[in-house]
Amino acid sequence: MDDSKIVDLFLERDEAALRHTSEKYGKRLRTLSYRIVEDFQTAEECENDTYAAAWNTIPPHSPKEHLYAFLARITRHISLNCCRYRGSLKRSAHICELSAEMEQCIPAPDDCACRIEDMAFADVINRFLASMPVEKRNIFLRRYWYLDSIADISKRFGCSESKVKTTLFRSRNQLRIHLEKEGYIL
């Protein structure tokens, strides 16, 4: 079913929207959650929580052209919150590794003034991503948004793991330079 029609079902408060969403995106949302929580049962719970959150937030939101992105964002937040709640975020080597990589080029907000700038910062990141060649942007997003492993990314794009690592390293350096040009102190 088309995303626009699924969103229309949500807006009409028709429970069939949940079934169609699950059929179309359930596996992808579960996989995204599993990469964060590393537990199948918890990933299923996060997927179900995503449907409940979508049910509660689609009116007033109407993500007709980007339903999966809307759902993926909800899933990521729910999964990360689940990790924080369980205290496993500190112990998850995978998430710590990715966080350490990104800390090298993204400043961490540690006061209210920084949090107010979140929207502007997101715009700077989006402009950076838009300026990247498609393959490099997709590799970057697969690693830092979808939390794919280097091996999974190399299989997906048909390239060596060495190329993926080099691309990510260079992209992080380019992001650091971009942020500094935009006035962010690292």
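Predicted model: local features only at pLDDT ≥ 70, side-chain atom pairs only at ≥ 80, totals over all residues.

Reader: Why is the pair of tyrosine 25 and tyrosine 68 called tilted?

Author: Rings of Phe, Tyr and Trp (its six-membered ring) pair if their centres lie within 6.5 Å; planes under 30 degrees apart count as stacked, over 60 as edge-to-face and the rest as tilted. Five aromatic pairs are counted by this rule. For tyrosine 25 and tyrosine 68 the centres are 5.3 Å apart and the planes stand at 35°, therefore the pair is tilted. Tyrosine 25 belongs to helix α2 (residues 16-37) and tyrosine 68 to helix α4 (residues 67-86), so the pair ties together parts 43 residues apart in sequence. Helices are DSSP runs of H or I with at least four residues, numbered from the N terminus.

Reader: How do you know that tyrosine 25 is buried?

Author: Buried means under 20% relative accessible area, exposed over 50%, and partly exposed in between (1.4 Å probe, protein chains only). Tyrosine 25 has 5%, so this residue is buried. Tyrosine 68, at 10%, is therefore buried too.

Reader: What makes the pair of phenylalanine 128 and phenylalanine 140 edge-to-face?

Author: Their ring centres are 6.2 Å apart and their planes are at 70°, so the pair is edge-to-face. Phenylalanine 128 lies in helix α7 (residues 118-131) and phenylalanine 140 in helix α8 (residues 134-144).

Terms used
Residues numbered from 1 in each chain as written. Heavy atoms only, no water. Helix = DSSP H or I, 4+ residues; strand = E, 2+ residues; numbered from the N terminus.
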